[in-house]
Amino acid sequence: MNILKILFSNDKTTAKDEIVLCIITAFVMAGAAALLIFRDLFPVWLYSKAVTLAAVLILFSVMMIIIIVYRLSQNFKDNKKE
């Protein structure tokens, strides 16, 4: 069974948007994780800024995940006018 067929069953006009949104969110979350993992490599004066930026990126990712879940749950509605 094709997972894309299940996720994007009726409204195929926003399928590319949702895929791009998922990819951007994954990259941002990976960047935040990399900042937290490699924070000891930064100089002392950049350490707190790297942790703060990572926290902001994680919050952004959480917001985007909520938006993605909402968009996928509302996907059954057809946006085309009849």
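What pattern does the protein chain follow when it is read along the sequence? In this predicted model, the protein chain follows the pattern α-α-α, with 3 helices and 0 strands in its secondary structure. Of the 82 residues of the protein chain, 20% count as buried. Among the contacts with a separation of 6 or more, 69% are made by residues 24 or more positions apart.

Helices H2 and H3 may be taken as a pair. Two packed helices are described by the angle between their axes and the distance between the axes. Helix H2 spans residues 15-37 and helix H3 spans residues 44-73, and their axes come within 8 Å and cross at roughly 155°. Angles over 145 degrees count as roughly antiparallel, and H2 and H3 are therefore roughly antiparallel to each other. The crossing in which H2 passes H3 is left-handed, and the contact of H2 with H3 has, by class, 18 nonpolar, 2 polar and 3 charged residues.

Ser61 has its place in helix H3, and because its relative accessible area is 1%, which is under the 20% cut-off, Ser61 counts as buried.

How many salt bridges does a search of the whole structure find? The search finds 1 salt bridge, in which the side chains of Arg71 and Glu18 meet at 3.8 Å, N to O. Since Arg71 lies in helix H3 and Glu18 in helix H2, the pair ties together parts that are 53 residues apart in sequence. As for accessibility, Glu18 is buried, with a relative accessible area of 4%, whereas Arg71, at 28% relative accessibility, counts as partly exposed.

How values were computed. Residues are numbered from 1 along each chain as its sequence is written. This is a predicted model: local features need pLDDT of at least 70, side-chain atom pairs count only at pLDDT 80 or more; totals for chains, interfaces and linings use all residues. Side-chain values use heavy atoms; hydrogens and water are left out. Axes are lines fitted to C-alpha atoms, for helices over the stretch in contact, and angles run from 0 to 180 degrees between N-to-C directions. Helices (H or I, at least four residues) and strands (E, at least two) are DSSP runs, numbered from the N terminus. Angles under 35 degrees count as roughly parallel, over 145 as roughly antiparallel, 65 to 115 as roughly perpendicular and the rest as oblique. A crossing is left-handed if the near helix is turned anticlockwise from the far one by less than a right angle, and right-handed if clockwise. Ala, Val, Leu, Ile, Met, Phe, Trp, Tyr, Cys and Pro count as nonpolar, Asp, Glu, Lys and Arg as charged, and the others, Gly among them, as polar. Buried means under 20% relative accessible area, exposed over 50%, partly exposed in between (1.4 Å probe, protein chains only). A salt bridge is a side-chain nitrogen of Lys or Arg within 4 Å of a carboxyl oxygen of Asp or Glu. Contact means heavy atoms within 4.5 Å.
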